[in-house]
Amino acid sequence: MNDAHKYDDIINLPHHVSASHPQMSLLDRAAQFSPFAALTGHDAAIKETQRLTEEWVDLDEDRKKLLDEKLQMIRESLFSGRDGHSLPEIIFTYFKPDEKKRGGAYLAAQGKVRKIDEYSHQVILEDGTALAIEHIVGIEGELFRGYEDLV
């Protein structure tokens, strides 16, 4: 038998349809031929590696002293504010360490201070934001107007 005519006996027969097995949907059939992701999560790992973070910069002693003085001014304002005086909004610049890799980001939070928690070393704003005191790198606001000029 010649290879060119090998299937001549079945070429014109109707397509077989099984009576016992349902026909596969086109979506399931296409899924059989979809690409296989052998390195699941590899793209995410590459993107994570490419994501930039900033390094923590240690503050000099003068800067630390200035921040301590400003925190003390906030404490005093909170204490004296119990008679109905409202503390103005404060803008905190702080470092937020990255959860996945070395470094982090410098962010700003603005609001009125609810309390300074000495036990947990946090500044708590009225909206519930908690800032670790050791990560605060800047404190600004009306309360300090003219203060830095005196120092």
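Mentor: What follows is an account of helix H3 and of the side-chain contacts around it. Please keep in mind that this is a predicted model.

Helix H3 covers residues 61-80. It has 20 residues and reaches 29 Å from its first C-alpha to its last, close to the 28 Å expected at 1.5 Å a residue.

Let us begin with the buried residues. In H3 these are Leu66, Leu67, Lys70, Leu71, Ile74 and Ser77. They cover an arc of only 135° around the axis, which means that they sit on the same side of H3.

In general, side chains of opposite charge can pair when their charged atoms come close. Here, lysine 70 forms a salt bridge with glutamate 140, and the closest N and O atoms are 3.7 Å apart. This pair links distant parts of the chain, since glutamate 140 belongs to strand S6 (residues 136-141) and lysine 70 to helix H3, 70 residues apart. Glutamate 140 is partly exposed, at 37% relative accessibility. Lysine 70 also lies over the face of phenylalanine 144, at 5.2 Å from the ring centre.

A second salt bridge may be found within the helix itself. Glutamate 69 and lysine 65 meet through their side chains, at 3.7 Å from N to O. Both lie in helix H3, four residues apart, which is about one turn of the helix. Glutamate 69 is partly exposed, with a relative accessible area of 24%, whereas lysine 65, at 52%, counts as exposed. The structure as a whole holds six salt bridges.

Finally, consider the loop between H2 and H3. Glutamate 55 lies in this loop and arginine 102 in the loop between S1 and strand S2 (104-111), so their pairing ties together parts that are 47 residues apart in sequence. The closest N and O atoms of this salt bridge are 3.3 Å apart. Glutamate 55 is partly exposed, with a relative accessible area of 43%, and arginine 102 is exposed, with 68%.

Technical notes:
Residues numbered from 1 in each chain as written. Predicted model: local features only at pLDDT ≥ 70, side-chain atom pairs only at ≥ 80, totals over all residues. Heavy atoms only, no water. Helix = DSSP H or I, 4+ residues; strand = E, 2+ residues; numbered from the N terminus. Lys NZ or Arg CZ within 6 Å of the ring centre and 35° of its normal. Expected span 1.5 Å × (residues − 1). Buried < 20%, exposed > 50% of the residue type's maximum accessible area, 1.4 Å probe, protein only. Arc of directions from axis to C-beta. Salt bridge = Lys/Arg side-chain N within 4 Å of Asp/Glu carboxyl O.
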